[in-house]
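Please take a moment to look over the sequence and the model shown below, and keep both in view while reading. The paragraphs that follow go from the whole chain to single residues.

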Amino acid sequence: SDIGIDGYIELCRESEGGKRTGTNFIIQVQSKGTDKPWAHEDATGFVFKVDLSDLKHWLAGNQPVILVVSRPASSEAYW
């Protein structure tokens, strides 16, 4: 089954001396991968329709969610 958030990104900023410092600002990441064409895909692009239950889950949280759709076999990823 495919449930839950797949990862988290902490935003960083550059501090003195060129070092990066964590900000504790978090963005969640949901990944959806396939090796097949998407249902609404043609030569000029695609539309990825999300399940309503996934959308409700992402919107119910207190942090933003980035959706990444990918085709690992061809090294494609879109967000």
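Helices and strands are here runs assigned by DSSP, with a helix (H or I) needing at least four residues and a strand (E) at least two, and they are numbered from the N terminus. Read in this way along the sequence, the protein chain follows the pattern β-β-β-β-α-β-β, with one helix and six strands.

This is a predicted model, in which local features need a pLDDT of at least 70 and side-chain atom pairs count only at pLDDT 80 or more, while totals for chains, interfaces and linings use all residues. Residues are numbered from 1 along each chain as its sequence is written, and side-chain values use heavy atoms, with hydrogens and water left out. The pLDDT is the predictor's confidence in each residue, on a scale from 0 to 100. The protein chain averages a pLDDT of 91, and 97% of the residues score at least 70. Among its elements, β5 has the highest mean pLDDT (95) and β3 the lowest (90).

What is the overall extent of the chain? Along its principal axes, the C-alpha trace spans about 50 × 30 × 20 Å. Its radius of gyration, taken over C-alpha atoms, is compared with a globule rule of 2.2 Å times the number of residues to the power 0.38. A compact globule of 79 residues would have a value near 12 Å, but the protein chain has 16 Å. For single residues, buried means under 20% relative accessible area, exposed means over 50%, and partly exposed lies in between, computed with a 1.4 Å probe on protein chains only. Of the 79 residues, 19% count as buried.

The sheet comes next. Two strands are said to pair if DSSP finds at least two bridges between them. Four strands form an open sheet in the order β1-β2-β5-β6, and the pairing is mixed. Its edge strands are β1 and β6, each of which pairs on one side only. From one strand to the next the twist averages 35 degrees, where axes are lines fitted to C-alpha atoms (for helices over the stretch in contact) and angles run from 0 to 180 degrees between N-to-C directions. Strand β1 (residues 7–14) and strand β2 (residues 20–33) run antiparallel and are joined by seven bridges; within this pairing, Tyr8 stands opposite Gln28 in β2. By contrast, β2 and strand β5 (residues 65–71) run parallel and are joined by six bridges, and here Gly33 stands opposite Ser70 in β5.

Most residues other than glycine have a negative phi, and most peptide bonds are trans. In the hairpin of β1 and β2, which has five residues between the strands, Gly17 takes a positive phi near 80 degrees. Asn24, which is found in strand β2, has a positive phi near 65 degrees although this residue is not glycine. Because its relative accessible area is 62%, Asn24 is exposed. Ser75, in the loop between β5 and β6, is also not a glycine and has a positive phi of about 55 degrees; at 70% relative accessibility, Ser75 counts as exposed.

Buried or exposed: which word describes Lys32? Lys32, which is found in strand β2, is buried because its relative accessible area is 15%. Its side chain makes a polar contact with the side chain of Asp54 at 3.0 Å. Such a contact is a pair of N or O atoms within 3.5 Å; within protein, one must be able to donate a hydrogen and the other to accept it, and residues adjacent in sequence count only if both atoms are side-chain atoms.

Finally, consider the aromatic rings. Rings of Phe, Tyr and Trp (its six-membered ring) pair if their centres lie within 6.5 Å, and planes under 30 degrees apart count as stacked, over 60 as edge-to-face and the rest as tilted. The structure holds three aromatic pairs. In one of them, the rings of Trp38 and Tyr78 have centres 6.2 Å apart and planes at 80 degrees, so the pair is edge-to-face. This pair links distant parts of the chain, 40 residues apart, with Trp38 in the loop between β2 and β3 (40–42) and Tyr78 in strand β6 (residues 76–78). Trp38 is buried, with a relative accessible area of 8%, whereas Tyr78 is partly exposed at 34%. Phe46 and Tyr78 also form an edge-to-face pair, with 5.3 Å from centre to centre and 65 degrees between the planes.
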